[in-house]
Amino acid sequence: MRLKFILRPIHCLLFGVLFWTFAGKTDHVIAQSGDWRNIENGRIIPDKSYSDQPYIVKTDDGAWLCVMTTGSGHEGASGQHIISQRSFDQGITWEEMIAIEPSDGPEASYAVLLKAPSGRIFVFYNHNTDNLREVKGDDPPYKNGVVKRVDSQGYFVFKYSDDHGKSWSEDRYTIPVREFEIDRNNVYQGDIRFFWNVGKAFYHQGTAFVPLIKVGGFGNGFFTSNEGVLLKSDNLFDLADPANANWNTLPEGDIGLRTPENGGPIAAEQSYSVLSDGSFFVVYRSLDGHPVYSYSRDQGKTWDKPQYMPFADGRMMKNPRAANFAWKCENGKFLYWFHNHGGRFIREHPNPGSIGYNDRNPVWMAGGIEVDGKDGKEIQWSQPEILIYDDDPLIRMSYPDLIEENGNYFITETQKDIARVHQIDNAFLERLWGQFNEPVRVRDGLLVNWSGKGKSLPQKLPAPNVPTFRVRDTNTADYRGKNNNVGFTIELGFLLNEIKVGQVLADTRDGSGKGWWISISDNKTLEFQMNDGQTRAVWSSDPGLLMPGKQHQISIIVDGGPKIIAFVVDGRFNDGGKDRQFGWGRFSPYFKSPEGSKTLLLGSSINGELSYVRFFDRALMVSEALASQRWME
C-alpha cells in the first residue's frame with residue numbers, strides 16, 4: 001500500500017527488446033512536475049484506502065458530486081461500501097465524505113450516477129442485501145468450489161438525493177432485472193445472480209438508461225464470462241416516489257452484448273454514447289486483444305452485430321482486458337480512453353480467464369467525429385496519443401470519468417488506492433481532433449530541416465543538440481538523479497532499392513558508441529537505437545512495412561515523460577498489428593543523454609536515397625507527426 005501525498009520509490013520494469021545495464025546503486029525516479037500527463041500531477045480525491053470508480057456529476061448548485069467505492073481493505077474485502085463527496089473548486093478540495101451505505105453493513109459496490117432534468121440525482125449500485133458470505137465458483141482454482149468475495153452479486157439497487165448530494169434517501173430501491181441465458185446457466189440456475197456495473201448512466205428523450213454487466217460465473221481470472229445489458233425506465237424522472245418506476249431489461253431476447261463470433265467469453269464494462277441522430281454507440285472490453293463496439297438504432301432494443309473497433313483508416317484498435325470508455329463531448333465530438341496494445345489472445349493461453357489485466361499504463365486517447373454510415377451516424381476514430389502515465393510501468397490506472405466545465409476538460413481515474421482528477425490540456429485535444437482537418441505545418445522545435453533533393457550520399461551535417469533525460473538534482477542532500485520532461489523526434493523520407501540488413505540511414509555515434517542511429521534491423525524493420533555510454537535503448541517499426549522501391553515517411557518519437565519510443569510509418573501509428581503485443585517500446589528511466597558525435601552522418605551505407613531528414617528538439621504528438629508527413633508528401 002502506498003502512502004498518499006508522499007513521493008514514493010519507483011521500480012521500473014522495462015520489457016520487449018529494450019535493455020540496459022546499471023553501474024552502482026540505483027536511485028529514486030522523480031516525477032516530472034512540468035508534464036501534465038504525469039499521474040502524480042493530478043488532484044487526489046479522498047478515500048478510505050481502496051478506491052474504485054470515482055465518477056462525477058455536476059449538481060445544480062455548482063458542485064462536483066463524486067461517488068466512489070471504497071473501504072479500508074483491498075478490492076472485494078468486507079467493509080466495502082459507497083461514499084459521496086462534493087467539491088466546488090474542480091477537485092482541489094472536497095467536503096466531508098458521506099456514507100451512502102455504511103461500512104459495517106453488507107457490501108455495497110460499483111456505484112454510477114445519473115442526474116435527472118429536475119436536478120434529482122440517482123446513484124445505482126450492487127448491494128449484498130442477503131449478506132451472503134460466500135458463493136459457489138465454477139472453476140477449479142477455488143478451494144472447495146467456494147468464492148469468498150461477494151461484492152458482485154445480490155441486488156441492483158439505487159438511492160436518490162434531492163439536495164445535490166448532501167444527503168441520500170433512507171430507502172434503497174431494488175431494480176427488477178430480467179433473467180437472461182447467462183443467468184440460467186450459472187451454478188445457481190439464476191436463483192442467485194452475478195453482476196456489477198461501471199461507466200455512465202444516461203438519459204435520452206426523457207428515458208433513463210442504466211448499464212449493467214451480467215456475470216456467468218467465478219473462476220480463473222475471477223469472472224469467467226459476462227455480457228452487457230441496459231436497464232431502461234421511461235417514467236423514473238416523472239415520479240415523486242421512484243419505487244413505482246417501470247423497468248425493462250434490454251436488449252430484447254435473452255442474450256446481451258457479447259464479443260464477435262468466435263471471440264472470448266469476456267464482454268464487459270460497456271460504455272454508451274448517444275449520437276446526434278439518436279443512435280446508441282457502445283464500446284467494451286474483451287479477452288481478444290481488441291475492443292468491441294456496436295450500434296443500436298432503436299434505443300437499445302436490438303444491436304448491430306458486435307465487431308472489433310477500428311481506427312478511421314480501418315485498422316483494428318488494440319486493448320487488453322481493461323476498461324475502455326468513450327464519451328460524447330459538449331462540442332459533439334468524442335473521446336476514447338484505452339491502452340493501445342493487444343494483451344494476450346485467449347487462444348494462446350491455457351487459462352484464458354487470468355490474462356490481460358495488466359499493462360494499463362500509459363493510458364492512450366483517441367478522438368472521434370460523427371460521420372454518415374449506411375444505417376445512420378457512426379464515429380470515426382483518430383490515431384492515438386498518450387494521455388496519462390505513471391513512472392512505474394506496473395502501476396495500473398482505470399475506471400475513468402470525463403467532466404467538462406467552462407470549456408475545460410477533466411478526467412478522473414483510480415489506481416485502486418489513489419483516485420485523482422486531471423485537467424487535460426485543451427491544445428492536446430484540439431490537435432487530437434485536428435487529425436481530421438487540413439494539416440498545420442509543424443515548425444516548433446525544428447532544429448534540422450535537410451532536403452536530399454539533388455544531393456548524393458553520404459552527407460555530413462552538424463549534429464543537432466539532443467536533450468538530457470536525466471541529471472543530478474542539486475537540491476537534494478545526496479545529489480540523486482531526476483528526470484527531465486524532454487524528448488525529441490526524428491523524421492525521415494527515404495527510398496531503398498532493397499531492404500537489406502545493416503544499412504544505416506542516419507548516425508551520430510562517436511568513437512565510444514555513444515549517440516543515436518537509425519538502421520535496417522535483422523528482421524528488415526527500421527530500427528532506432530540510442531546509447532549514453534552505459535545504457536542502450538532499441539526499438540523498431542512494425543514488421544512488414546518497408547518495401548523496396550517505395551518512398552517511405554517515418555517519424556520516430558522519443559518521449560522522455562513516459563519513456564516511450566513510438567514510430568509513425570507512412571501516416572500510420574505503429575501499434576504492433578498482428579505481429580507483436582506492443583507497437584511502442586520503453587526506454588530506461590536512468591538513460592542520461594544520446595549525445596554522441598558533433599556530426600550527423602546521413603546515408604553512410606544505404607542502397608537508395610534520402611529525400612529529407614528533420615529533427616525536432618521535442619517529442620511531437622502523433623497528430624503532429626501525421627500532419628508533418630502530410631506536408632512533406
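In what order do the 4 strands of the open sheet that includes β17 and β20 lie? The order is β17-β18-β19-β20, and the pairing is antiparallel. At the edges stand β17 and β20 (307-308), each with a single partner strand, so one side of each has no neighbour in the sheet. Strands here are DSSP runs of E of at least two residues and helices are runs of H or I of at least four, both numbered from the N terminus; two strands count as paired if DSSP finds at least two bridges between them.

The model is a predicted one, in which local features need pLDDT of at least 70 and side-chain atom pairs count only at pLDDT 80 or more, while totals for chains, interfaces and linings use all residues. Residues are numbered from 1 along each chain as its sequence is written, and side-chain values use heavy atoms, with hydrogens and water left out.

A268 has R285 of β18 as its bridge partner. Strands of a sheet pair through backbone hydrogen bonds, either parallel or antiparallel. A further antiparallel pair is formed by β21 and β22, joined by 4 bridges, with F325 partnered by W337 of β22. These two strands make a hairpin with 5 residues between them, and G332 in the turn has a positive phi of about 85 degrees.

Both β17 (268-274) and β21 (325-328) also contribute to the largest pocket, each supplying at least two residues of its lining, as do β2 (50-58), β6 (108-115), β13 (202-204) and β26 (398-405). A pocket is an open set of points on a 1 Å grid over the protein atoms alone, where a 1.4 Å probe fits, with protein on both sides within 12 Å along at least five of seven lines; lining residues have an atom within 4 Å of a point. The volume of the largest pocket is about 930 Å³, taken as the space filled by probe spheres set on the grid points, which are joined across faces, edges and corners. Of the 27 lining residues, K200, A201, F202, K328 and L402 lie nearest the centre of the pocket. The lining comprises 16 nonpolar, 4 polar and 7 charged residues (nonpolar: Ala, Val, Leu, Ile, Met, Phe, Trp, Tyr, Cys and Pro; charged: Asp, Glu, Lys and Arg; polar: the others, Gly among them).

In helix α2 (residues 426-433), F428, L429, L432 and W433 are buried (under 20% relative accessible area, with exposed over 50% and partly exposed in between; 1.4 Å probe, protein chains only). Seen down the axis of α2, these residues fall within an arc of 125 degrees, so they line one face of the helix; the arc is that of the directions from the helix axis to the C-beta atoms. The buried residues of α2 pack against β22 (334-338), β23 (363-372), β25 (385-388), β27 (408-414), β28 (419-424) and α3 (622-632), with contact meaning heavy atoms within 4.5 Å. Helix α3 is mostly covered, 8 of its 11 residues being buried.

The peptide bond from L250 to P251 is cis, with omega near 10 degrees, and P251 lies in the loop between β16 (248-250) and β17. N340, in the loop between β22 and β23, has a positive phi of about 60 degrees although it is not a glycine; at 0% relative accessibility, N340 counts as buried.
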